[in-house]
Structure formats: structure tokens, C-alpha cells
Amino acid sequence: MRIRLSRTLTVAVAVLAAVAALPVAAATADVPEPVPHTAPADHATYIVTVREEVDPASVAERVDATPVHVYRTVLHGFSARLSHAQVEALREMQDVESVEEDGRAIGFGTGF
């Protein structure tokens, strides 16, 4: 009985030591820095819709914008924080269908 208890305690101590060491190892691991957005936070966010045959990310790249989201399903385009100059450049591109400032949408209806 004492041999089993001794082995059980030894295994338990080894497991606890291994578990205790995990957070220390995780805390010292190399963690990549987040990628910063190119536009300052004071720039408004816009939703840009592009033609179906055009890659939304490539349109954003043409005006040096970093997309917050790229849409490829229901909406075909991207959202990004844009300067006034970027907005104007996008509005002049033939591949761009619309450039709208992002905002809140409020729906009125019967309610489900």
C-alpha cells in the first residue's frame, strides 16, 4: 500500500511541476506583434464596393489602404480607414462601384 501511495505522489508531483512550468514557457515564447493599420484612428471607416471580377484587396492596395475586412460573398469589396485623398482616388476608379462612410443602420419594420 505504501509503495502505491509513494508512486502516486511521485507521479502527482511530476504532473503538477509540468503544469506549473507551462505558463512560464508560454509567457517567454516569441509572440508576433500585431500588424498596425496604415491609416490613423481619426480617419473614418468606409465600405468600398468593387466590380465582381476585381479583387477587393488589390483595389485597396492601389490606394495604399489596409482593409479592416474584405468582403467576397454578399458584398464584394472591403472596409478600411481612409483619408480624404484615398476616398477621392477610389471614387475615380472604374473598378469601384461605391464608396460610402460606414455608419449605423437602423431598421424599421414589423419585427419578427
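Modeller: His76 lies in strand S3; strands here are DSSP runs of type E with at least two residues, helices are runs of H or I with at least four, and both are numbered from the N terminus. This is a predicted model, in which local features need pLDDT of at least 70 and side-chain atom pairs count only at pLDDT 80 or more, while totals for chains, interfaces and linings use all residues. Residues are numbered from 1 along each chain as its sequence is written, and side-chain values use heavy atoms, with hydrogens and water left out.

His76 has a relative accessible area of 11% and is therefore buried (buried is under 20%, exposed over 50%, partly exposed in between, with a 1.4 Å probe and protein chains only). Its side chain comes to 3.2 Å from the backbone oxygen of Glu52. Leaving out residues up to four places away in sequence, His76 touches Val48, Thr49, Val50, Arg51, Glu52, Val54, Pro56 and Tyr71, where contact means heavy atoms within 4.5 Å.

Strand S3 (residues 76–81) is joined to strand S1 (residues 45–50) by 5 bridges, and the two run antiparallel; two strands pair if DSSP finds at least two bridges between them. Within this pair, Thr49 stands opposite Gly77 of S3. The open sheet has 4 strands in the order S2-S3-S1-S4, with antiparallel pairing. Its edge strands, S2 (69–72) and S4 (96–101), each pair on one side only. On average, neighbouring strands of the sheet are turned by 15° against each other, direction ignored. Helix H3 (residues 84–92) packs on the sheet and touches S1, S3 and S4, its direction making about 150° with that of S4; axes are lines fitted to C-alpha atoms, for helices over the stretch in contact, and angles run from 0 to 180 degrees between N-to-C directions.

The largest nonpolar core has 16 residues, and Val48, Val59, Phe78, Leu82, Leu90, Val96 and Val99 have the most contacts inside it. Such a core is a set of buried Ala, Val, Leu, Ile, Met, Phe, Trp, Tyr and Cys residues joined through side-chain atoms within 4.5 Å. S1, helix H2 (56–62), S3, H3 and S4 each give two or more residues to this core, and S1 gives the most, with 3 residues. Apart from neighbours within four places in sequence, Val59 contacts Val50, Val54, Phe78, Leu90, Met93 and Val96.

Conventions. A polar contact is a pair of N or O atoms within 3.5 Å; within protein, one must be able to donate a hydrogen and the other to accept it, and residues adjacent in sequence count only if both atoms are side-chain atoms.
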